[in-house]
Amino acid sequence: MKIDGRMEDHALEPVPQHLRQGWLKLSWNTAGIVTTLVQLFLGALSTFVAGFKIAMAAGVFVAIIGSLIGWACGHVAFKTGLSSTVMARHYGFGKRGSLIGSLIFGFMIIGFLALENALLYAGFRFALGFQDTLANKIVVYGLLTVAWIFLTAYGFEAVSKVSTYTLVAFVGLLLFITWRVVSSYADGHIFDFPALFPPDVLASLGASDDLGKFIFCVNVLVGAAGALALVDADLGRYARSSFDIGAAAAVGNLSAQICMVFVGGVFMYAAMGELVTHYTTVMQMAPDAAQKLAMSPEGVTAAFLLFGGGIGVALMVLAQGKAQVLNTYSGSLALSNLFDAVGLRMNRVVMVVIANLIGLLMVALGILDQFNAWIEILGVITTAFAGIMIVDYFFISRKVGSRGLSSMELVNWAGVVTTIVATILAHFVLNKIVTIQFFTSLGVSVILYPALRLSLFRPSPASGADSSTTPEPIS
């Protein structure tokens, strides 16, 4: 079968029942997309800012919230058989209004694609010792891009298989390296160490007291939870039941917010001293610069390579490779909806190529240097977007009467306005008052959207809307 034939995996229409899957198979993907070095860095960062116990408490809290939002998004996808961005056309945004959803999802998932590529490049430099030249960047990023395009072009089935095998290998290698480092370098405080950053740094992060530390961790971790909720919708369209996608969402959040925080914190706490020593002695870096680099995403990558040797290189490739296939897959879904919403139905392989090219552009613009700001705004916009779809499906459609998927508005201005207002209030206006920013974005979405939808922007069907690819929901 041709590659492009395999890629047309119901990107813009419901997934038929005979292609639906159970929770275990779906969970390989929800867990696979979050068990990466980026997520391990978030775990290390959270524990170093807040201390091990507070960071774990924040991880449990975010895992619960993320699982609930993920199940709700996945349930809607299960019922309709549609991906998150196509689902937004019918619940919350309208056909043209869903452009905002595609932009949010694309910004999110292609951003992860860019981050993972940057970490792979940094890892190869550390392991192989080559110079950071334009020629080397072209070769490494070019080979990575070709690999992601080729693997993703086989569609969901191949993605699922790749994630299954690589996740098992990743977990095995991760546990081995963590055990090796902890047994050699850990002290008696490995599971209860306090905040490790200096007081002035903690103050600049708003983490001077226990509450501030907890809030910092939530704001950092919820970005991945919001991202995973939208991925749950993309995978939920393949679910056999609401339970299946709910269980898969819970497994993904358990992996991201609890397991990765635990392992990331423990591993980097034990490895930090030796990593800084390597930077200062072997690479001749100043102590302050070495300490700063060690607590960056690149530092987490270097630690695995330093202590893992050849196994560490294999771990790096497996950890990032499986996630990149899933990131490319989901990014191509968002771009498919983006182009279709303006009347251009593009070949999925073309969307895969474009997603990777955008990822390369984000690397060139320095997304790795803006990581903290990016992950924070991500938590705000993804929870606002997900909250609007959830409220529309579970409340508004029942209040005003569901018209089914065969009719849709061009623009649901209530959803568009609510997304903009929720983001601005959460991240720019009320961020000093309600410091857990997703509380504001989700709360504004749940309250403002129904108010606008039932008053100023009441439902009005689009004239001449295309219903050829939007059958009734699957019940």
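Which helix supplies the largest share of the lining of the second largest pocket? I looked it up, and H10 does, with five residues. I'm working from a predicted model, where local features need pLDDT of at least 70, side-chain atom pairs count only at pLDDT 80 or more, and totals for chains, interfaces and linings use all residues. Residues are numbered from 1 along each chain as its sequence is written, and side-chain values use heavy atoms, with hydrogens and water left out.

**Pockets**

My pocket term: on a 1 Å grid over the protein atoms alone, an open set of points where a 1.4 Å probe fits, with protein on both sides within 12 Å along at least five of seven lines; lining residues have an atom within 4 Å of a point. Volume is the space filled by probe spheres set on the points, which are joined across faces, edges and corners. Helices are DSSP runs (H or I, at least four residues), numbered from the N terminus.

I put the second largest pocket at about 460 Å³. Of its 17 lining residues, Leu 205, Phe 216, Asn 219, Glu 376 and Gln 437 are the closest to its centre. H10 (210–236) and H16 each give at least two residues to this lining. I count six nonpolar, nine polar and two charged (nonpolar: Ala, Val, Leu, Ile, Met, Phe, Trp, Tyr, Cys, Pro; charged: Asp, Glu, Lys, Arg; polar: the others, Gly among them).

The largest pocket comes to about 630 Å³. Phe 197, Lys 292, Met 295, Ser 296 and Asn 372 are the closest to its centre, out of 24 lining residues. H12 gives the largest share of that lining, four residues.

**Aromatics**

I searched the whole structure and got 21 aromatic pairs (Phe, Tyr or six-membered Trp rings with centres within 6.5 Å; planes under 30 degrees apart are stacked, over 60 edge-to-face, the rest tilted). Phe 61 and Phe 214 sit 5.9 Å apart, centre to centre, with planes at 55°, so I logged the pair as tilted. Phe 61 is in H4 and Phe 214 in H10, so this pair ties together parts 153 residues apart in sequence.

I then checked Phe 267 and Phe 304, which are stacked at 4.4 Å and 15°. Both are buried (under 20% relative accessible area, 1.4 Å probe, protein chains only; exposed is over 50%, partly exposed in between).
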